[in-house]
Amino acid sequence: MNKIILPILLVLISTGYIFGTPQIPDIVIYEGKEYPIYSDVLDSYFSKYPERNPKIEEEMCSAAWDGYVATFEIRTTKLFLKDITDQPCGSNRGRSALSKV
């Protein structure tokens, strides 16, 4: 068994391919249209106020390391947090946690 696994691992490492789960993007709404964003817009906020982070460790999934999906909206020239849902992969998926933030 080890004789099979080692060559496979060597091929994967030597080719430079690393497989990982794509992350669920946050959403920004601009002029009524939704766009995915892959930037951690709320990182500095949650670093300053960790008790407000809706992330629930027991419900973590590999597609949402942040533990939430945020929806922003651009109105005029300002960015507003419209909603934030915790547990994007869990059994209670899609539950709004905006009041916690």
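In what order do the five strands of the open sheet stand? The order is β2-β1-β3-β4-β5, with mixed pairing.

**Figure 1. Overview of the chain, shown as a predicted model.** Two helices and five strands make up the secondary structure. Read from the N terminus, the elements follow the pattern α-β-β-α-β-β-β. Of the 101 residues, 27% count as buried. The accessible surface is about 7,500 Å², and carbon and sulfur atoms contribute 59% of that area. Among contacts with a separation of 6 or more, 45% are between residues 24 or more positions apart. The mean pLDDT of the chain is 79, and 74% of the residues score at least 70. Confidence is lowest in helix α1 (residues 2-15), where the mean is 66, and highest in β2, where it is 94.

Figure 2. Strands of a sheet pair through backbone hydrogen bonds, in either a parallel or an antiparallel sense.

**Figure 3. Strand β1 and its hairpin with β2.** Strand β1 covers residues 26-30; four of these five residues are buried, so the strand is largely enclosed by the rest of the structure. Five bridges pair β1 with β2 in the antiparallel sense. Asp26 has Ile37 of β2 as its bridge partner. Two residues separate the strands of the hairpin, and Glu31 in the turn has a positive phi of about 50 degrees.

**Figure 4. Strand β3 with β1 and β4.** With β1, strand β3 runs parallel, and four bridges join the two. Ile29 stands opposite Glu73 in β3. With β4 (residues 78-86), strand β3 runs antiparallel, and the pair is joined by eight bridges. Here Arg75 stands opposite Lys78 of β4.

**Figure 5. A nonpolar surface patch that includes Ile74.** Ile74 belongs to strand β3 (residues 68-75). The relative accessibility of Ile74 is 31%, so this residue counts as partly exposed. Partly exposed covers the range between buried, under 20% relative accessible area, and exposed, over 50%.

Notes:
Residues numbered from 1 in each chain as written. Predicted model: local features only at pLDDT ≥ 70, side-chain atom pairs only at ≥ 80, totals over all residues. Heavy atoms only, no water. Patch = residues over 30% accessible without salt bridge, like charges linked within 9 Å, V, L, I, M, F, W, Y side chains within 5 Å. Areas by Shrake-Rupley, 256 points an atom, 1.4 Å probe, with all protein chains shown as cover. Salt bridge = Lys/Arg side-chain N within 4 Å of Asp/Glu carboxyl O. Buried < 20%, exposed > 50% of the residue type's maximum accessible area, 1.4 Å probe, protein only. Pairing = 2+ DSSP bridges. Contact = heavy atoms within 4.5 Å. pLDDT = per-residue confidence, 0-100.
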